[in-house]
Amino acid sequence: MSPTVDIGDALTSGVERLATRGGAILAVLYVAYQLVFQVFYQSAVVEVYRRYLPADVVEQSAESLPFALDIPLVVSIVVVLLAMVGGVALSLVALRALHEDINQFPTATHTRRLAAATGVGIVVNILTFIAVFVGLIFLFVPGLYIAISLMFALPFVALEDAGITDSLSRSWELATGHRWRLFFLGIILAVIGFVIGLVPGILSVLAPAVGQALSSVISGVTTVFSLAVLVTVYEQLTGGNAATADEPGTDAPGALGPDDLDA
């Protein structure tokens with residue numbers, strides 16, 4: 001029997017993995033990440049406003065950026081850039097943990113070759129973003145098609161130590177024949193995120209600090225849930241067996257090596 005995308009099972013598994021000890025830890029890490037990112041991002045935005053906009057405009061704009069602190073612009077930019085790199089690393093670790101040994105998180109397996117994998121993941125994300133952006137410009141539909149086709153690229157990097165071109169090509173191949181179901185799953189996740197985000201969205205207007213803090217909490221939880229769903233679908237289509245270069249007797253296709261970033 002050929003593999004297929006079981007949407008109900010993917011959503012159920014996403015909830016179950018989120019509800020584990022490891023899932024809870026990952027959610028806390030993502031919430032902390034979101035809050036730290038917002039502090040330095042908002043601080044950078046306010047500092048730019050101060051340099052180039054009238055004082056009254058800055059004061060009005062600052063009200064919607066409650067986490068901004070008096071931090072030098074260079075420091076804020078550096079931390080934001082480092083946080084973006086850290087976000088890729090955290091996603092790789094989360095994907096590995098949600099795939100295997102979630103209740104033992106963190107383990108050495110979850111952080112194996114993390115520096116090299118993060119470098120590959122960054123390039124993969126950039127290439128994916130460019131491809132999707134260009135596709136969206138051309139009547140929107142091509143962008144969705146590309147986004148669905150490349151949605152497994154990062155899981156291949158995380159779970160099978162795939163290189164850049166290998167992860168992209170294997171993701172495209174894995175999505176082939178399943179794009180409609182993957183599209184509907186994406187719609188469901190988007191609706192869930194929209195509904196849950198209504199409350200903090202309203203609060204952000206009335207009480208920006210409270211609303212944005214709550215938004216960070218919800219974003220952290222829904223991110224782990226979405227990654228758990230993605231891992232489940234990946235397992236459904238691959239049979240759940242992710243070969244890594246650490247496993248004896250396996251030769252992981254596209255395994256990370258000396259030429260990872262040039263793949």
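Helix H2 (residues 21-52) packs against helix H10 (residues 208-238) at an angle of about 135°, and their axes lie 8 Å apart. That angle makes H2 oblique to H10. The model is predicted. H2 passes H10 in a right-handed crossing.

Which residues of H2 meet H10? They are Gly23, Leu26, Ala27, Tyr30, Val31, Gln34, Leu35, Gln38 and Gln42. On the H10 side, the partners are Gln212, Ala213, Ser216, Val217, Ser219, Gly220, Val221, Thr223, Val224 and Leu227. By class, the contact of H2 with H10 has 10 nonpolar, 9 polar and no charged residues. An α-helix has 3.6 residues a turn, so residues three or four places apart point the same way.

The crossing of H2 and H4 is left-handed.

From H2, the residues that meet H4 are Leu26, Leu29, Tyr30, Tyr33, Phe37, Phe40, Tyr41, Ser43, Ala44, Glu47, Val48 and Arg51. From H4, they are Leu73, Ser76, Val79, Val80, Ala83, Met84, Gly87, Leu90, Ser91, Ala94, Ala97 and Leu98. The contact of H2 with H4 has 18 nonpolar, 4 polar and 2 charged residues. Leu26 and Tyr30 of H2 are among the residues that meet H10, and Leu26 and Tyr30 are also among those that meet H4.

| Pair | Angle | Axes apart | Crossing |
|---|---|---|---|
| H2 and H10 | about 135° | 8 Å | right-handed |

**The chain as a whole**

How many helices and strands does the protein chain have? There are 10 helices and 0 strands. Read along the sequence, the pattern is α-α-α-α-α-α-α-α-α-α. The C-alpha trace spans about 65 × 45 × 40 Å along its principal axes.

For 263 residues, a compact globule would have a radius of gyration near 18 Å; the protein chain has 20 Å, which agrees. Of the 263 residues, 43% count as buried. Contacts between residues 24 or more positions apart make up 76% of those with a separation of 6 or more.

**The loop between H4 and H5**

Several local features fall in one loop. Pro106 is found between helix H4 (73-99) and helix H5 (114-137). A cis peptide bond joins Phe105 and Pro106, with omega about 0°.

Thr111 is in the loop between H4 and H5. Its relative accessible area is 40%, so Thr111 is partly exposed. Which residues does Thr111 touch, not counting residues up to four places away in sequence? Thr111 touches Val93 and Arg96. Thr111 and Ala94 are 17 residues apart in sequence, and their C-alpha atoms are 9.6 Å apart in space.

Arg113 belongs to the loop between H4 and H5 too. Its phi is near 45°, a positive value in a residue other than glycine. At 34% relative accessibility, Arg113 counts as partly exposed. Most residues other than glycine have a negative phi, and most peptide bonds are trans.

**An enclosed helix, and the residue after it**

Why is H7 described as largely enclosed by the rest of the structure? 8 of the 8 residues of H7 are buried, so H7 is largely enclosed. Those residues are Ala153, Leu154, Pro155, Phe156, Val157, Ala158, Leu159 and Glu160. The buried residues of H7 pack against H4, H5, H8 and H10.

H7 is followed by Asp161, whose phi is positive. Asp161 sits in the loop between helix H7 (153-160) and helix H8 (164-175). Its phi is about 55°, although Asp161 is not a glycine. Is Asp161 buried or exposed? At 0% relative accessibility, Asp161 counts as buried. Arg113, by contrast, counts as partly exposed.

Key
Residues numbered from 1 in each chain as written. Predicted model: local features only at pLDDT ≥ 70, side-chain atom pairs only at ≥ 80, totals over all residues. Heavy atoms only, no water. Axes fitted to C-alpha atoms, helices over the stretch in contact; angles between N-to-C directions. Helix = DSSP H or I, 4+ residues; strand = E, 2+ residues; numbered from the N terminus. Parallel < 35°, antiparallel > 145°, perpendicular 65-115°, else oblique. Left-handed = near helix turned anticlockwise from the far one by under 90°. Contact = heavy atoms within 4.5 Å. Nonpolar A, V, L, I, M, F, W, Y, C, P; charged D, E, K, R; others polar. Rg over C-alpha atoms; globule rule 2.2 N^0.38 Å. Buried < 20%, exposed > 50% of the residue type's maximum accessible area, 1.4 Å probe, protein only.
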